[in-house]
Amino acid sequence: MEPKSTFLRACLRLPVERTPIWLMRQAGRYLPEYRDIRSEAGDFLNLCYNPKLATEVTLQPLRRFPLDAAILFSDILVIPQAMGMSLKFSVGEGPIFSNPIRTIKDIEELEVPNPEEKLAPVLEIVTQLRKILGETPLIGFSGSPWTLATYMVEGGSSKKFHQIKAMMYNNPMLLNQILDILVISVAKYLNAQIRHGAQAVQIFDTWGGVLAPEQFREFSLKPVAEIIKRLDRIGPDKVRVPVIFFAKGCGYMLEEMAEIGCDVLGLDWTTNLAKAHQRVGHRVALQGNLDPSVLYASPEVIQREVFELLNSYPSPTGHIFNLGHGLEPDMDPERVSILVEAVHQASSLKGKSIK
């Protein structure tokens, strides 16, 4: 069955009347109403696991802007927490795991969580959103095994990735054991999101760009391809569930990323959109990829950059407009409104189909 929504149709490279738009981190700290909810929750993880508040946060940007999809408000690190790791978010420091994975004994203490039990509040949020959103699609998500492993091995955020890269070179079998457990855990989690109503899923590989090409193939692409093989690609409504893969800093690997089984490749702003289309053709749809920093510019510049980006895409279908990374806390919501309006003005594709 073909989907009706513009976003889902674009993901599947079906004819659309205009380019759909959603924005990474569209629900977040740049919105004053989000900050109010965040204050009410008291703690970031409390917010992620509170169905009422997380549902509200997910819906906030759709009330402000005519976006074509909602994305579940959560965090990629709920998976390692559900696997048994001790997680907290410290102000000014980001996520911290008090029990980083460094040895085989540490790995043996990890479990493959049943998402219906360990992540039940998140799945309840998905269920609630699906009831509320109506015709607006809901995107579920997870971090990639490599990106999740960086946090699990480093013990939190990192700039150098010394611990996980030392493991990768000194003991790749150990790293692969972590990745194997994550493949199973992420696939189960995404399938649970799909069962509960997610109509598309995105896998974020935020830190794929810190790897050399051979290591990216082995420790990022290979596990993601295995996850995609395990996913339920037809949802409860009998419509295909698109899989989006976003790997930051990995545009040089587009051809290989297009072969892993995803429907859409997300691009960061360092990859030329028109050339990306030339390289992958119609094997996958493309998502992106305006530099988020454009939103610090004047309205006239925002409009110009949007028009230029949309005009650079040579095909009438198979493109979802997005930023090349997420919205930042200090961005002006009014600039986001200008961006969305510019996309709608510039992207009329009525009556066209795939070339």
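I looked up which residues of H2 touch H4, taking contact as heavy atoms within 4.5 Å. On the H2 side I found Pro32, Glu33, Tyr34, Ile37, Glu40 and Ala41, and they meet Leu53, Glu56, Val57, Gln60 and Arg64 in H4. By class, the residues of this contact are six nonpolar, one polar and four charged. The classes count Ala, Val, Leu, Ile, Met, Phe, Trp, Tyr, Cys and Pro as nonpolar, Asp, Glu, Lys and Arg as charged, and the others, Gly among them, as polar.

I noted that this is a predicted model, with pLDDT of at least 70 needed for local features and 80 or more for side-chain atom pairs, while totals for chains, interfaces and linings use all residues. Residues are numbered from 1 along each chain as its sequence is written, and side-chain values use heavy atoms, with hydrogens and water left out.

I then checked the geometry of the pair. H2 spans residues 32-41 and H4 residues 51-64; they pack at about 175°, with axes 10 Å apart. Axes are lines fitted to C-alpha atoms, for helices over the stretch in contact, and angles run from 0 to 180 degrees between N-to-C directions. H2 and H4 are therefore roughly antiparallel, a label for angles over 145 degrees. Helices (H or I, at least four residues) and strands (E, at least two) are DSSP runs, numbered from the N terminus.

Next I read the sheet. It is open, has seven strands in the order S1-S4-S5-S6-S7-S8-S9, and its pairing is parallel; a pair needs at least two DSSP bridges. S1 (70-71) and S9 (319-320) are at the edges with a single partner strand each, so one side of each has no neighbour in the sheet. S8 (residues 285-287) is joined to S9 by two bridges, and Gln287 is opposite Ile320 in S9.

I found one cavity of 30 Å³ or more. The largest cavity has a volume of about 40 Å³, volume being the space filled by probe spheres set on points joined across faces, edges and corners. Its lining includes Cys250, Met257 and Asp268.

The largest pocket holds about 1300 Å³. Of its 37 lining residues, Arg25, Arg29, Phe44, Asp75 and Phe89 are the closest to its centre.

How values were computed:
Angles under 35 degrees count as roughly parallel, over 145 as roughly antiparallel, 65 to 115 as roughly perpendicular and the rest as oblique. On a 1 Å grid over the protein atoms alone, a cavity is a set of points where a 1.4 Å probe fits but cannot get out, and a pocket is an open set with protein on both sides within 12 Å along at least five of seven lines; lining residues have an atom within 4 Å of a point.
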